[in-house]
Amino acid sequence: MSTGTFVIGIDFGTDSVRSVVVDARDGALAGAAVAPYPRWAQGRYCDPREHRFRQHPLDYLSAMESSIRSALEQAGGDVAARVRGISVDTTGSTPVLADAKGRPLSLLPGFEEDPDAMFILWKDHTAVAEAARINELARTWGGPDYTKFSGGVYSSEWFWAKALHVIENNPAVARAAVTILEHCDWIPAVLTGTEDLGRIRRSRCAAGHKAMWHPEFDGYPSSDFLARLSPRLPALRATLGSRTFTADAPFGTISPAWAATLGVPADVVVGVGAFDAHMGAVGGDIQPHHLLKVMGTSTCDMLVAPRTDAPEVLVAGICGQVDGSILPGAIGYEAGQSAFGDVFAWFKQLLSWPLLAIQPDAPGADDPRRAALADAIMDRIIPALDKAAAEIPPSRSSVVALDWFNGRRTPDADQRLQGAIARLDLGTDAPRIYRALVEAIAFGSRAIVERFRSQGIRIDGIIGIGGVARKSPLTMQVLADVLDMTVEVRAGEQPVALGAAMFAATAAGLHATIEDAQRAMSSGTEARYRPDPARARLYDALYRDYVELGSFVEEELTQ
């Protein structure tokens, strides 16, 4: 018989959803499960050549149900009956156009297979032109610059740019749309059965960082501003309201239908949603003036600074600063890199081309031992490169690379930019290129740190969570050397879902504040990487080479 009180944290990632069942007293993991998105796994509704990445809401619903039920089954006993709270995090900005009941249009007849009626994934870059229009208008229209709290640069990855792109390119979707919903707002509405748009508690995190919401503007950008972009936008804006809510607040109570489906009590509290990186920062035990890097396919860099009576310092070129987006009562800053682990995945695919393209048609390809060998080689490429690259000392004459393989997120978002590798010669081998790529993503991190510091925001330490942080000691040591700061790696397999569980425990009243939940439920630190003074000095020079290469490439690509 279980004696604890449990909460469920649900983490909607790019490829799958992860659910954890956690004891609210101490953060002990009772059950965990991952469920992939079936349509997404088939590559449906996406076109990488057009930078279009869309996800069907049915993928979210089926994967969520499967992962929660599996996690509860793993927990066993009477754990399901002791669940008191559920909170969710999602990727973002991942908006969808919806009807008057908040239903994504792709759930309605006639739109089931229309990608524009689906969720527009965070990494969808089809709205580059629309983002440029928003930036130009914000600077020239004569009213407030609505990008001022978003780093001064509005991105194609964000809410209004994506909505504008769809409504201007798909008349049928534009006519049917009544509102716009972020993924992190839709899931709590689904779980609570909320179909009244006025009762949807929209996420402060999502609205502030991606939709230009701010108290100074009395909410979102004005209807006058939005009408200059499209006559359809003011009506959509009117459905959003003006209030937003921090993730420690309850959204509502689970609906009877979902309580029965999941086998949990009818009084389970569902918390307000937020983005994965922001809840992950809480799950990673973020501390004031420490930059927490969520290291996966890309990075989201989180920083919190206590709110003071002094005027708020505006940091240029980041993904926004929002009061309460991470910890209530503190300014949450967001930055990040558009490609991090994706850079390594690209290099692995590049090196694997013969195995993927030639080996299947080679003589004897039907020999199962050959296929097994190819799979084994694929699995060992990155670990072997990591080991070999660690033996190569950094040098001023070594290969230098740019990390902009998926554009640049911060500082100064520009999705037109591309990666580059320089100083190649006939002696350059794969481990040397790999090390250059490791150094490039560390240099990209340093550019973010230097931007914060140049704007007067203190950074005292670095915290890493996510797959790269735990799997690549080389990357973490290079990062420590390049930044000349100690990097702490947090323990735990699912820090983002754990962060959602912490918010669930707070929204349900099991902890008085999110800081109390952190202290009780944190997984602790599993590794520390300290900088080597000699390498740190050398990397100062190599960083200048990175900056010079970046300036050259940026000028060539954007002139």
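**A covered strand and its neighbours**

Guide: Let us start with strand S15 (residues 330–337), which is mostly covered, with eight of its eight residues buried. Please keep in mind that this is a predicted model.

Visitor: Which residues of S15 are buried on one side, and which on the other?

Guide: In a regular strand the side chains alternate between the two faces of the sheet. Both faces of S15 are covered. One side carries the buried residues Ala330, Gly332, Glu334 and Gly336, and the other carries Ile331, Tyr333, Ala335 and Gln337.

Visitor: Over how many bridges does strand S13 pair with S15?

Guide: Residue Cys300 stands opposite Gly336 in S15. Strand S13 (residues 299–306) and S15 pair in the antiparallel sense, and the number of bridges is eight.

Visitor: Which residue in the turn between S14 and S15 has a positive phi?

Guide: Strand S14 (residues 321–323) runs antiparallel to S15, joined by three bridges, and Val322 has Gly332 as its bridge partner in S15. S14 and S15 form a hairpin with six residues between them. The turn residue with a positive phi, about 90°, is Gly324.

**Helices that pack**

Visitor: Are H12 and H15 roughly parallel or roughly antiparallel?

Guide: Helix H12 (residues 341–351) and helix H15 (residues 430–454) pack with their axes 10 Å apart, at an angle of about 165°. Angles over 145 degrees count as one class, so H12 and H15 are roughly antiparallel.

Visitor: Which residues of H12 make that contact with H15?

Guide: The crossing of these two helices, H12 and H15, is right-handed. On the H15 side, the contact is made by Ala430, Ile433, Tyr434, Leu437, Val438 and Ile441. On the H12 side, the residues are Val343, Phe344, Trp346, Phe347 and Leu351.

Visitor: How are H15 and H17 oriented to each other?

Guide: H15 and helix H17 (residues 473–483) have axes 9 Å apart and pack at an angle of about 45°. H15 passes H17 in a right-handed crossing. Given that angle, H15 and H17 are therefore oblique.

Visitor: Which residues of H17 meet H15?

Guide: H15 brings a list of residues to this contact, including Tyr434, Arg435, Val438 and Phe443. Across from them, the residues of H17 are Leu474, Thr475, Val478, Leu479, Val482 and Leu483.

Visitor: How many residues of H17 are buried?

Guide: Among the buried residues of H17 are Met476, Ala480 and Asp481. Just after H17, Asp484 takes a positive phi of about 55°. H17 itself is mostly covered, and of its eleven residues the number buried is nine.

Visitor: How many residues apart are Arg39 and Asp59, which meet in a salt bridge?

Guide: Side chains of opposite charge can pair when their charged atoms come close. Arg39 and Asp59 do so at 2.8 Å, N to O, and Asp59 is buried, with a relative accessible area of 1%. The pair links distant parts of the chain, from Arg39 in helix H1 (residues 38–41) to Asp59 in helix H2 (residues 57–75), and the separation is 20 residues.

Visitor: In the salt bridge of Asp78 with Arg82, is Asp78 buried or exposed?

Guide: The closest N and O atoms of Asp78 and Arg82 are 3.1 Å apart. Arg82 counts as partly exposed at 23% relative accessibility. Asp78 has a relative accessible area of 18%; since under 20% is the cut-off, Asp78 is buried.

Visitor: Is Glu493, the salt-bridge partner of Arg470, buried or exposed?

Guide: The closest N and O atoms of Arg470 and Glu493 are 3.0 Å apart. Arg470 is partly exposed, with a relative accessible area of 30%. Glu493 has 65% relative accessibility, so Glu493 counts as exposed.

Visitor: Is His289 buried or exposed?

Guide: His289 has a positive phi of about 65° although it is not a glycine. Its place is in the loop between helix H11 (276–283) and strand S12 (290–295). With 14% relative accessibility, His289 counts as buried.

Key
Residues numbered from 1 in each chain as written. Predicted model: local features only at pLDDT ≥ 70, side-chain atom pairs only at ≥ 80, totals over all residues. Heavy atoms only, no water. Salt bridge = Lys/Arg side-chain N within 4 Å of Asp/Glu carboxyl O. Helix = DSSP H or I, 4+ residues; strand = E, 2+ residues; numbered from the N terminus. Buried < 20%, exposed > 50% of the residue type's maximum accessible area, 1.4 Å probe, protein only. Pairing = 2+ DSSP bridges. Axes fitted to C-alpha atoms, helices over the stretch in contact; angles between N-to-C directions. Parallel < 35°, antiparallel > 145°, perpendicular 65-115°, else oblique. Left-handed = near helix turned anticlockwise from the far one by under 90°. Contact = heavy atoms within 4.5 Å.
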